[in-house]
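Visitor: I'd like to learn how to read a model like this one, feature by feature. Where do we start?

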Amino acid sequence: MTLEAPHPPLADALAHLGKRLYPSLGAVSGLQRLSGGASQETWAFSFEGPGGPVPLILRRAPSARVSDLAAGLEAEAELLKLAHANGARVPNVRYVLTPADNCGRGFIMDRLEGETIPRKILRDAAFAGARTHLARDCGEALARIHRIEPSRLPDTLRAAPGSVRLAELNRTYANVGHPNPVFALALRWLAENMPKDPKELRLVHGDFRHGNLMIGPDGIRGVLDWELAHLGDPMEDLGWICVPSWRFGEIEKPVGGFGTHEELFAAYEAAGGGAVDPARVRFWEVFGALQWGLMCSGMAEIFRSGADGSVERAMIGRRASEVEIDLLDYIAPLTQGAAHAG
Amino acid sequence: MQDEPSAAEMLPAVARFLRDTVTTDHSAHTIFQARVAANAVDLAAREAQLTPRLNEEERVRLMKLLGHDGDLATQNRILADKLLDGSLSLATPGMKEHLWATSMAKLAVDQPSYASYRRALKRMQG
């Protein structure tokens, strides 16, 4: 590998790109890093246009990391286009970067207006109307994602049905290293209750939950963050949105704290997603709860290593115990008035 | 046995935040982090107050379940390994009660306002 010339500042590179793509548009404004880990970044910015600023998002991997990520972001752009063509609400992809653009690898898409903060979506009066149909919106959005013809999907997408995902979760538990009897019991339960992998794998979004759903008073405006998309069991997505950790106090409303299983399943089937198997969804709910619990447990090491020594990071580590209660509710439910030791 | 990181590990991060960030940066993000830091201090206080008794109760339960005594980390490692390989299970007498009691003890320190914890407390009290 040859050494690359250092990047020009991102704002300059974007301005250059803007002039070439949209000669009628002017300067870059409001460039701001939103989030992202070490390998992928999300930036908000606008091109100034005659009718006002055009709000956009840049998802990119700085070029030094290209080899780690091979087709990651290009595949993500491709999936967004396919989902859009299939009627799912997703941001419109405007442009996929090329090496000549000097912005790294990635793509530019529309920046949607709306809210992703769960407590606002679940409590603010502005979303009261949306809350009555968000569970159905989720069912419909997932059906449109899962209906995409698998032969049209990018061939770099990894195949990860339940058997592969469970092997990954076992490795994650072993790597975290902190002994957790409830998590161990849940891993055993998952192994004993794992449904057969489906004959035909479908596109699974992989992270369909609060934070990745742009929501307005009118409902879901866009499904974001396709980084974890894979070929798998579509029931995985239905289970993940029902994990108790995304209910934010609204524990009797399993779908994201805003709706019921029945609403989600009915809308999914009505939109052509196919028959829902509630037992399979339940498997994925337990799987998802444990997956989040292990992510929390993993925070202790990130905190200790100094990679992120913030109090916030440490406190997420101490949320693993919330997941223990949720897992026990699934696999060892209390009976009313049960005596308990201790 | 409480999860990680321990309050003892967390408090220096709170001190660092108070000393280095709060005094120089008053952005919305710092205000949010200040709330998190206050929660961490509350957690540390609960840990100091409750953990000695909760750990002792857990040690006694584990001794009954496993048939031998030991430090909590080792005992929990053994229990977790046996639950994973199936040699112990929910069919083991006392297991379900032990797991609930231990998770509830963690929540009493970590997040006593968690809705599923409140619901379980009510159910246990009948």
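Guide: Let's start with burial: a residue counts as buried when its relative accessible area is under 20%, as exposed when that area is over 50%, and as partly exposed in between. One caution before we apply this: the model is predicted.

Visitor: Is A:R144 buried, exposed or partly exposed, and what is its salt-bridge partner?

Guide: A:R144 is partly exposed, with a relative accessible area of 28%. It forms a salt bridge with A:E140, the closest N and O atoms being 3.3 Å apart. A:E140 is partly exposed too, at 34%.

Visitor: Which residues are linked in a network of salt bridges?

Guide: A:R59, A:E76, A:D225 and A:E227 are linked that way. Over all chains, the salt-bridge count comes to 32.

Visitor: Let's turn to a helix. Which residues of α10 in chain A are buried?

Guide: In α10, which runs over residues 261-270 of chain A, the buried ones are A:L264, A:F265, A:A267 and A:Y268. Look down the axis of α10(A): these buried residues fall within an arc of 165°, so they line one face of the helix. On the other side, A:E262 and A:A270 are exposed.

Visitor: What covers the buried residues of α10(A)?

Guide: The cover includes α6 (134-146), α9 (235-240) and α11 (278-305) of chain A.

Visitor: And A:A266, is it buried, exposed or partly exposed?

Guide: A:A266 lies in helix α10 of chain A and counts as partly exposed, at 45% relative accessibility. Its C-alpha atom is separated by 8.6 Å from that of A:V276, ten residues apart along the chain. Just after α10(A), have a look at A:G272, which takes a positive phi of about 85°.

Visitor: What about a charged residue in a strand? Where is A:D110 found?

Guide: A:D110 is in strand β5 (residues 105-110) of chain A. A:D110 is buried, with a relative accessible area of 19%. Its side chain makes a polar contact with the side chain of A:R94, at 2.5 Å. Leaving out residues up to four places away in sequence, A:D110 touches A:P55, A:L56, A:I57, A:P91, A:N92 and A:R94.

Visitor: Which residues does B:T102 touch, by that kind of count?

Guide: Not counting residues up to four places away in sequence, B:T102 touches B:E58 and B:R61. B:T102 is found in helix α4 of chain B and is buried, with a relative accessible area of 9%. Its side chain makes a polar contact with the side chain of B:R61, at 2.9 Å.

Visitor: Now the interface. How do I read the area buried between chain B and chain A?

Guide: The size of an interface is often given as the accessible area lost when the parts come together. For chain B and chain A that area is about 4600 Å², and carbon and sulfur atoms give 63% of it. The contact takes 55 residues from chain B and 47 residues from chain A.

Visitor: How many polar contacts and salt bridges link the two chains?

Guide: There are 21 residue pairs in polar contact, both residues at pLDDT 80 or more. On the side of chain B that touches chain A, the elements giving two or more residues are α1 (7-22), α2 (28-66), α3 (72-85), α4 (95-110) and α5 (115-124) of chain B. The residues of that side divide into 29 nonpolar, eleven polar and 15 charged. As for salt bridges, seven are found across the interface.

Visitor: Which residues does B:R119 meet in salt bridges?

Guide: One partner is A:E252, at 3.3 Å from N to O. Another is A:D329, also with 3.3 Å from N to O. B:R119 lies in helix α5 of chain B and A:D329 in helix α13 (residues 320-331) of chain A, so the pair joins two chains. A:D329 is buried, with a relative accessible area of 19%.

Key:
Residues are numbered from 1 along each chain as its sequence is written. Chains are lettered from A and ligands numbered from 1 in the order in which they are written. This is a predicted model: local features need pLDDT of at least 70, side-chain atom pairs count only at pLDDT 80 or more; totals for chains, interfaces and linings use all residues. Side-chain values use heavy atoms; hydrogens and water are left out. Contact means heavy atoms within 4.5 Å. Buried area is the accessible area (1.4 Å probe) that two parts lose on being put together, summed over both. A salt bridge is a side-chain nitrogen of Lys or Arg within 4 Å of a carboxyl oxygen of Asp or Glu. A polar contact is a pair of N or O atoms within 3.5 Å; within protein, one must be able to donate a hydrogen and the other to accept it, and residues adjacent in sequence count only if both atoms are side-chain atoms. Helices (H or I, at least four residues) and strands (E, at least two) are DSSP runs, numbered from the N terminus. Ala, Val, Leu, Ile, Met, Phe, Trp, Tyr, Cys and Pro count as nonpolar, Asp, Glu, Lys and Arg as charged, and the others, Gly among them, as polar. Buried means under 20% relative accessible area, exposed over 50%, partly exposed in between (1.4 Å probe, protein chains only). The arc is that of the directions from the helix axis to the C-beta atoms.
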